[in-house]
Amino acid sequence: MDLPEQLKSVQFFFSKLPGVGEKTAMRQTLQITNWNEKERVQFAEALVALNSLNNCENCGFFSSNSVCNYCQDEHRIETRTLCVVESITDFMAIDRSEQYKGLYHILGGVLNPLMGIGPEELKIPQLLKRIEIDKISNIILAINPSVEGDATCSYLRQKISENINVERIGFGIPMGGSLEYLDSLTIMKALENRKSFT
C-alpha cells in the first residue's frame, strides 16, 4: 500500500517497541491521526523532553538531577540496606510493592561471558564503591532466577565483604521468570521470604 511518508515514519518508530508488530504500529499511528493538532504537538513535545532525562549517578534510576529522590531520602539512607536489581523495570516492580524502604542499585543486566558481558560492562564496580561509601550493612540481591542471574549473585557474594549481610530474594516463580511481570502481592511475599545467600 502506498502510504504518505509521515504515516510510514511514525509506524516505523512504533514498530521498534518490544512486542509491537507492523499492524499494531499502523493501528497506533492511525489512532494518533484522530487526535487534534494540540494533542499531537503535546505528544511530540513529551517525546523530545525525554532527551533531558538523566540517570541517577548513584543508583541508575531516572532523575531530573544528578542524584534521584530515592538516593537523597534520609529515611532510606538510614536503613543501610541496598537492594540490587538488574534493570529499571525490576526497580519499579519492587518499589510498586511498597514493602521495601531502603536504597536501590541497578546493575544494568547480568553477567554473561558468552555475550561479552563482564563486571565492567555492568555497574558492579560502582556497586562495590557505593557499599563502602554509604556504609551499607545489608544487601538484598533481587536478581531474576536464571543461570546468568545465579552466576551474578555468586560473583557478587565473593566480592562483597563477609561482614555485610547478603540475602537473595525469595522466588515463587519458575526459573527464567521476570520481576517486571509480577504482581505486588507476589513481590511482597518474595521480599518477606528472602534468605541468606552464602
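Guide: Start with a term. A nonpolar surface patch joins nonpolar side chains within 5 Å, from residues with over 30% relative accessible area and no salt bridge. Keep in mind that this is a predicted model.

Visitor: Which residues make the nonpolar surface patch here?

Guide: Phe43, Leu47, Leu50, Leu53 and Phe62 make it. The patch covers about 440 Å². Leu50 is in the loop between helix H3 (37-49) and strand E1 (54-55).

Visitor: Is Leu50 called buried or exposed, and why?

Guide: Exposed means over 50% relative accessible area. Leu50 has 53%, so Leu50 is exposed.

Visitor: Now the helices. What describes how two packed helices sit?

Guide: The angle between their axes and the distance between the axes. Take helix H1 (residues 5-14) and helix H2 (residues 22-33). Their angle is about 125 degrees, and their axes are 8 Å apart.

Visitor: How many salt bridges does a search of the whole structure find?

Guide: Five. Side chains of opposite charge can pair when their charged atoms come close.

Visitor: What makes Asp73 and Arg76 a salt bridge?

Guide: The cut-off is a side-chain nitrogen of Lys or Arg within 4 Å of a carboxyl oxygen of Asp or Glu. For Asp73 and Arg76, N to O is 3.9 Å. That passes, so the pair counts. Asp73, Arg76 and Asp95 are also linked in a network of salt bridges.

Visitor: Are Asp73 and Arg76 buried or exposed, or partly exposed?

Guide: Buried means under 20%. Arg76 is at 10%, so Arg76 counts as buried. Asp73 is at 27%, so Asp73 counts as partly exposed.

Visitor: How do you know that Asp150 forms a salt bridge with Arg168?

Guide: Their closest N and O atoms are 2.8 Å apart. The limit is 4 Å, so the pair qualifies. This pair links distant parts of the chain, 18 residues apart. Asp150 is in helix H8 (residues 147-159), and Arg168 is in strand E6 (residues 165-168).

Visitor: Why is Arg168 called buried?

Guide: Arg168 has a relative accessible area of 9%. Asp150, at 29%, counts as partly exposed.

Technical notes: Residues are numbered from 1 along each chain as its sequence is written. This is a predicted model: local features need pLDDT of at least 70, side-chain atom pairs count only at pLDDT 80 or more; totals for chains, interfaces and linings use all residues. Side-chain values use heavy atoms; hydrogens and water are left out. Patches are made of residues with over 30% relative accessible area and no salt bridge: like charges are joined within 9 Å, nonpolar side chains (Val, Leu, Ile, Met, Phe, Trp, Tyr) within 5 Å. Accessible areas come from the Shrake-Rupley method with a 1.4 Å probe; for residues, only the protein chains shown count as cover. Helices (H or I, at least four residues) and strands (E, at least two) are DSSP runs, numbered from the N terminus. Buried means under 20% relative accessible area, exposed over 50%, partly exposed in between (1.4 Å probe, protein chains only). Axes are lines fitted to C-alpha atoms, for helices over the stretch in contact, and angles run from 0 to 180 degrees between N-to-C directions.
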